[in-house]
Amino acid sequence: MGILCYGINKYLFGSPATGVLMLFKKWFFPFLFICCIFLSIAIYMRVSDYGITEPRYLVISSAIWLFFVSIYFILSKRKDLRYAFVSLIAFLFVMFFSPINLFEQSAKSQASRLSSLINSHQLGTESTKELSEEGRYEVTQLLKYFDERNRIHDVLNLSPVFSELSFGEYTHAE
């Protein structure tokens, strides 16, 4: 919304800018940059605890895009808004159609979380440790995550516990 307001103020009003408008044009992107730093810290804290999911991937990508756009507008003399929209299209293309798309990255991240839980509790081995209530909840939520995305087969080779299970023609439970 802020970039849209910036564009409206820059291109639609032909009259000379007032004091408030000049302040907005001058300080919008430096303040946006500072907000991107705080957003990045918040994202890091959440992702480090729970891994990447599709919504978090979208937020991470949006933060990266805002970061680069704000740097461009801070450093550039030209300040062309077309750059922002072209870069947004490029980011959307990468998010949905590249090998690092949001669906694959979130599945890999959640599989990694599940694998680390399995390894830390040595599930499927003779020296299996008892899972705490929180651990059982996390494993359940991770399996639910894969089930909701019809990717339960992605977890089969994570542990002997899962590979011994027969999912057969398993489909998502509605």
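This is a predicted model: local features need pLDDT of at least 70, side-chain atom pairs count only at pLDDT 80 or more; totals for chains, interfaces and linings use all residues.
Residues are numbered from 1 along each chain as its sequence is written, and side-chain values use heavy atoms, with hydrogens and water left out.

Let us begin with the whole chain. Its secondary structure comes to seven helices and zero strands, where helices (H or I, at least four residues) and strands (E, at least two) are DSSP runs numbered from the N terminus. Of the 174 residues, 31% count as buried, meaning under 20% relative accessible area with a 1.4 Å probe, protein chains only.

Now look at one pair of helices. H3 spans residues 54-75 and H4 spans residues 81-97, and they pack at an angle of about 155° with their axes 10 Å apart. Axes here are lines fitted to C-alpha atoms over the stretch in contact, and angles run from 0 to 180 degrees between N-to-C directions. H3 and H4 are therefore roughly antiparallel, a term for angles over 145 degrees.

Which residues of H3 and H4 make the contact? Among them are Tyr57, Trp65 and Phe73 of H3, and Leu81, Phe91 and Phe96 of H4; contact means heavy atoms within 4.5 Å. By class, this contact has 15 nonpolar, two polar and no charged residues. Ala, Val, Leu, Ile, Met, Phe, Trp, Tyr, Cys and Pro count as nonpolar, Asp, Glu, Lys and Arg as charged, and the others, Gly among them, as polar.

Finally, back to the chain: residues 24 or more positions apart account for 57% of its contacts with a separation of 6 or more.

Technical notes: Angles under 35 degrees count as roughly parallel, over 145 as roughly antiparallel, 65 to 115 as roughly perpendicular and the rest as oblique. Buried means under 20% relative accessible area, exposed over 50%, partly exposed in between (1.4 Å probe, protein chains only).
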